Amino acid sequence: MPSIPITRFEREVIENYLGRGKSPRTCTQFHQIFRELIAVGVEKTSHVTDTAITRWIAAWPERTPVTFGSPLRALSSLCTRMKKKGYLRIDPFDVDGI
């Protein structure tokens with residue numbers, strides 16, 4: 001399956017998580033991550049690369065490494081899902097970890 005728009009993937013993820021009774025706080029965190037990724041130029045799932053993640057981190061210099069811990073773990077789970085669904089060829093977290 002090819003790359004899809006990041007906004008479409010966001011809708012799929014949120015529907016899936018809410019449909020399975022997952023925490024609304026997790027979905028709020030996902031919304032924030034998607035919004036911030038879009039702000040640094042991520043338009044499609046294939047744009048989620050190690051370089052895009054570096055841009056995302058650099059865009060919020062006031063955040064500490066500790067502050068980024070939870071969002072990075074959430075993004076890692078999203079990348080795993082993108083890869084499993086065929087929307088992402090290489091999971092950037094498989095390359096560099098969190």
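Modeller: A helix here is a DSSP run of H or I with at least four residues, numbered from the N terminus. The model is predicted, so local features need pLDDT of at least 70 and side-chain atom pairs pLDDT 80 or more, while totals for chains, interfaces and linings use all residues. Residues are numbered from 1 along each chain, and side-chain values use heavy atoms, without hydrogens or water.

Ile6, Phe9, Glu10, Val13, Ile14 and Tyr17 are its buried residues (under 20% relative accessible area with a 1.4 Å probe, protein chains only; exposed means over 50%). Seen down the axis, these buried residues fall within an arc of 130 degrees, so they line one face of helix 1; the arc is taken over directions from the axis to the C-beta atoms. The face turned away from that buried side carries the exposed residues Glu15 and Gly19.

What covers the buried residues of helix 1 includes helix 2 (24–39) and helix 4 (65–85), contact being heavy atoms within 4.5 Å. Helix 4, in turn, has buried residues including Phe68, Leu72, Leu75 and Met82, and helix 1 is among the elements that cover the buried residues of helix 4. After helix 1 comes Gly21, with a positive phi near 75 degrees.

Definitions and conventions. Helices (H or I, at least four residues) and strands (E, at least two) are DSSP runs, numbered from the N terminus.
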